[in-house]
Amino acid sequence: MKPINTMKLILESRSVNESFARAAVSAFAAQLDPTVEEISDIKTAVSEAVTNCIVHAYRDMPGNIYITCEIYENGLFRTKIRDCGCGISDVKKAMEPLFTTAGEERAGLGFAVMESFTDKLRVRSAFGKGTTVTLEKHISGR
């Protein structure tokens with residue numbers, strides 16, 4: 001299935017860019033006429049994915065975060081958030097609620113939150129090479 005519209009965005013992994021990423025992705029999704037709840041779900045999931053890039057992927061220095069959004073005829077909204085950071089050595093373990101590598105100041109709920117606010121979540125990672133998080137949400141307006 002080929003998307004009917006796409007958007008690509010590259011941001012530095014700085015915390016000040018997290019809100020911009022959330023706003024840009026939700027603005028792009030708005031063309032599907034989502035409900036307030038659906039747009040809020042997208043914003044929350046994107047916020048968590050981008051924050052993971054900032055906090056975990058590029059711990060000691062900023063790097064690029066690559067965001068791709070796709071809209072499909074059937075109302076499917078797909079967002080991929082990719083980094084070229086340190087990667088995740090054990091994705092299954094990292095996706096467990098409360099697991100974190102960032103110390104006590106983090107709750108370890110990022111993937112659980114992403115999963116609860118989307119219809120489908122995929123995480124692919126190569127240790128030392130980066131991580132791609134794919135979020136899918138069907139928008140009821142279509």
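This report walks through the fold, the nonpolar core, the strand pairing and the salt bridges of the chain shown above.

The model is predicted, so local features are described only where pLDDT is at least 70 and side-chain atom pairs only at pLDDT 80 or more, while totals for chains, interfaces and linings use all residues. Residues are numbered from 1 along each chain as its sequence is written, and side-chain values use heavy atoms, with hydrogens and water left out.

**Overall fold**

Let us start with the big picture. The chain has four helices and five strands, taken as DSSP runs numbered from the N terminus (helices are H or I with at least four residues, strands are E with at least two). Along the sequence they follow the order β-α-α-β-β-α-α-β-β. Of the 142 residues, 44% count as buried; buried means under 20% relative accessible area, exposed over 50%, and partly exposed in between (1.4 Å probe, protein chains only). Among contacts with a separation of 6 or more, 66% link residues 24 or more positions apart, where contact means heavy atoms within 4.5 Å.

**The nonpolar core**

In soluble globular proteins, nonpolar side chains tend to be buried together. Here the largest nonpolar core has 31 residues; such a core is a set of buried Ala, Val, Leu, Ile, Met, Phe, Trp, Tyr and Cys residues joined through side-chain atoms within 4.5 Å. The residues with the most contacts inside this core are Val25, Val50, Ile67, Phe77, Ile81, Val133 and Leu135. Elements that each supply at least two core residues include β1 (5-12), α1 (18-29), β3 (76-83) and β5 (130-138). The largest share, eight residues, comes from α2.

Leaving aside neighbours within four places in sequence, its contacts include Val25, Phe28, Ile42, Cys69 and Leu135.

**Strand pairing around β3**

β3 is mostly covered, with six of its eight residues buried. β3 pairs in the antiparallel sense with β2 over seven bridges and with β5 over eight bridges; two strands pair if DSSP finds at least two bridges between them. β2 and β3 form a hairpin with four residues between them, and Gly75 in the turn has a positive phi of about 90°.

**Salt bridges**

The structure holds six salt bridges, each a side-chain nitrogen of Lys or Arg within 4 Å of a carboxyl oxygen of Asp or Glu. Three of them are listed here.

| Glu12 | Arg14 | 2.5 Å |

How do the partners sit? Glu12 is partly exposed at 37% relative accessible area, and Arg14 is partly exposed at 40%. Glu18 and Arg22 are four residues apart in helix α1, so about one helical turn separates them. Glu18 counts as buried at 13% relative accessibility, whereas Arg22 is partly exposed at 27%.

Glu136 is buried at 8% relative accessibility, while Arg122 is partly exposed at 27%. Salt bridges that share partners join Glu70, Arg78, Arg122 and Glu136 into one network.
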